[in-house]
Amino acid sequence: MGLLIKNACVVNAAGESRAPVDILVEDGKIKKIAPSISAPGVEVIDAVGFKVLPGFIDLHVHLREPGREDKETIATGSASAAKGGFTAIFAMPNTIPAIDTAQVVQFVLDQAKKVGLVNVYPVGAITKGRAGEQITEMMDLKRAGCLGVSDDGRAVMNAGLMRRALEYASMAGLLVMQHCEDEHLSAKGVMNEGEVSTRLGLRGDPIIAETVIIARDIELARYLKTRVHFMHVSSARSVELIRRAKAEGIQVTAEATPHHFTLTDDAVKSFDTSTKVNPPLRMAADVQAIKDGLKDGTIDCIATDHAPHTLEDKEADFDCAPPGLVGLETAFALGMTELVGNGILTLTGLVDKMSAAPAHLTGLVNKGEIAEGRDADIVIVDPERKWMVTKEDIASKSKNSPFIGRQLRGRVITTICGGKKVYSEK
Amino acid sequence: MSTSSKIMDADQVRRAVTRIAHEILERNKGVDEVCLVGIRTRGVVLAERLRAAIRQIEGKELLYGILDINFYRDDLNIIKKQPVIHETLIDFDITDKKVVLVDDVLYTGRTIRAALDALVDFGRPSSIQLAVLVDRGHRELPIRADFVGKNIPTSKTQQVKVSLQESDSHEDGVVIEG
Amino acid sequence: MMGWKHKHLLDMGSLTKDEIGLVLETAKSFKEVSSREVKKVPALRGKTVALLFAEPSTRTRVSFELAAKRLSADTLTIQSTNSSLTKGETILDTALNIQAMNVDLVVVRHQASGVPQMLAQGTKMAIVNAGDGCRAHPTQALLDMFTIHEKLGSFSNIKVTIVGDILHSRVARSDIQGLVTMGAHVTVCGPSTLIPIGIEAMGAEATCDINKALKDADVVMGLRMQKERQQESFLPSVTEYVREFCITPERLRLAKPKALVMHPGPTNRGVEIAAEVADGPQSVILEQVTNGIAVRMAVLYLLLGRKSK
């Protein structure tokens, strides 16, 4: 069983192939790349007119299983990922129970294997039960298959505990992924604190709730000489702090979400609860700074923070509705529309942010690039195709997208994971 | 093409008002307990003129009020343009008074029906009489005027336009259009 | 005069100067109705108005109820602080149930900002916001403006000073929007922790200096100070608030001699306003209550007294 992709215009982070090539896939690997390959009896995909990219890798996805299978399951989340062109997704540990032991890690891996669509990498919790009190058995988590740890949804508020976590995770070889939010400062805020929150009378979550954690963790990483990864960076000041830390040689990395480089807090004026997200949508200058940070490399990668919620949960009032939006299926198109379309990144730059960089950050050496011998995780896209986001088209179990009704550019045509076609546009 | 013909000129309007003033006095045997209530907008102007005419004839000042009948209309659900509400000013008790309601044109009778409902909410007059400048017919309710300036036969498709200097900044007159 | 084109009344920001003028003018006529022996006109006969109150409020509810009844509309009240209504997730469902009973207009009060807008989008009924979260309380602003206009005759060149917990006040927000639209100058004053970021963008001047705020004011409005703000560290103590910000007779002397004293009620006497001031000759607090009915009648009439689409 193999696959042959004909007329592939390959785009890697390193560059674009000068002339179309053929790619032969066998046993889940890219066996051969050559100007013309003939392989009788093998299924052929003609990629003429399209671009062929390394499968996207999302460091930040909420699959909700175990515990909230009404919102999403590993099966539906995997299908949503495949439709969005993702071949590897990192599952956040804020499930019920939390992914804080090797057993839960194993459960997620088993479920993902049963589903058999995309690679699922469970992210372990930093602290037991994500309670912020005791660090988890990180060596065991690592052995069970974790590549990173996070208490996502909450920051590790105790700086002393964070120090221990960074030290211990460094020994275990795990990437510490921080949700940057000082909960005393965010103080149950439901949107960005600023003119718009004042006008709307909604409780504000100020930018400083994010920046004080980033500043603190930069100091910890500097002192301890460990790595730390900042998730869903949302503000201009955060980008500036990370830029300076990188210039000083501190081992910090960062991700940004498509919604934070696309939307401002103006979107909340609709009171559409799918615009309620944590960290909240910020202001125009912040959106610009995220784009600048992606352009100059301050922000290493794009992650979706795909956070499905049921209609029942999201139909609540703005104060009560849970934060989060579904992002797997719109990420590439938003990258094309907002970043490539506006000259922020080239297509190769976007491939770096969505494939190569996240693979590199998490040590997935066989992913993130189309090259002979690498895993056959490939996505075929039409970068020019315009399409309308509709509720009906969303494969995720939840439909909480603020982009419904929006016209976007860039469509995933076919997703191949481990040499197997896992999504194909009808 | 619409046609337009003048039915009353300024002099005729003036004479009609004077005549109605006399009729009111005659019918009520003087002015005791008589008061005037004008229906916005032109009824108010006519009521003021009647009041002045009676002052001239009798040397007495009648009580007088202004009524906005829009709250009482039965067509709020039907008409397209919502009427702008103005104040009703009746600062005396109408109970046991002889109220003379004044309006410019009597047509279907619905405005008067609304005015009667409104008046009843203000008290229990001993009688209510109706004075109009023009009665153009086509009643839809069992209502008639006690004092009429001029009866004008019209068809339903025609429009009767009354202009009064105080409200229309235009010479007094009544015109039929259509 | 121009007509009314809104189906809902959700906030003051969506009303133009002319539209606010129309509401105030219409309210004048309705104020007369409430002074009659028979305080009722048939303008909304056959219409049904539901009062959906998810947050306790006697004054506003009673005011709306009387307004609707004086227009001959039928009313029904769904008031709840303990049933399903307190759960945000069922408010739309509750509204749809009300709609299924052919109710024409819903007056809604909710502790979360944006709920009236959500109902306006999710149902076919006309929606009147009777206060949502910290966002808006348009009929309160309109009755405040009616009272100011009745007493002072104009909005231009008048200084309105609002003192207290601006951060949590929907009344302050709606008053600012309405008054600024009409050309008045609005100053808000309170402890720095209770003045929201970016309030200047709504057109108000903000200061923590009570003397400066009250100086030459034409209108001085106090806002209710909730004792819970102390627990949330917005205030060190109520005592300190009283010392620094209470509208006392001495402080009131800084304002113009005939400055109006207003309060949306209920007042915390001796906290945000001294009893002598609340009951003093400059106080129009009870007239605000009277005017509230007229303004709400005007709003209900403008929204319902016409052909429904």
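Good morning. Among the two pairs of chains that touch, the most contacts are between chains A and C. Contact here means that the C-beta atoms of two residues, placed from the backbone, lie within 7 Å. This is a predicted model, in which local features need pLDDT of at least 70 and side-chain atom pairs count only at pLDDT 80 or more, while totals for chains, interfaces and linings use all residues. Residues are numbered from 1 along each chain as its sequence is written, and chains are lettered from A, with ligands numbered from 1, in the order in which they are written.

I begin with chains A and C. Their contact takes 17 residues from chain A and 23 residues from chain C. On the side of chain A, helix α6 (residues 195–200) gives the largest share, four residues. Helices (H or I, at least four residues) and strands (E, at least two) are DSSP runs, numbered from the N terminus. By class, this side of chain A has six nonpolar, four polar and seven charged residues. In this scheme Ala, Val, Leu, Ile, Met, Phe, Trp, Tyr, Cys and Pro count as nonpolar, Asp, Glu, Lys and Arg as charged, and the others, Gly among them, as polar. Chains A and B, by contrast, do not touch, and their nearest C-alpha atoms are 30 Å apart.

I turn now to the domains, whose bounds come from an automatic or database domain assignment. Chain A is divided into domain 1 (2–51 + 375–424) and domain 2 (55–362). Taken over C-alpha atoms, the centres of these two domains of chain A are separated by 25 Å.

Finally, chain C. Its assignment gives domain 1 (17–136 + 289–304) and domain 2 (138–285), and the C-alpha centres of these domains of chain C lie 25 Å apart. Domain 1 of chain C brings 19 residues to the contact, and domain 2 of chain C brings 17 residues. On the domain 1 side, α1 (17–34), β4 (126–132) and α12 (285–304) of chain C each supply at least two residues. That side divides into nine nonpolar, five polar and five charged residues. Thank you.
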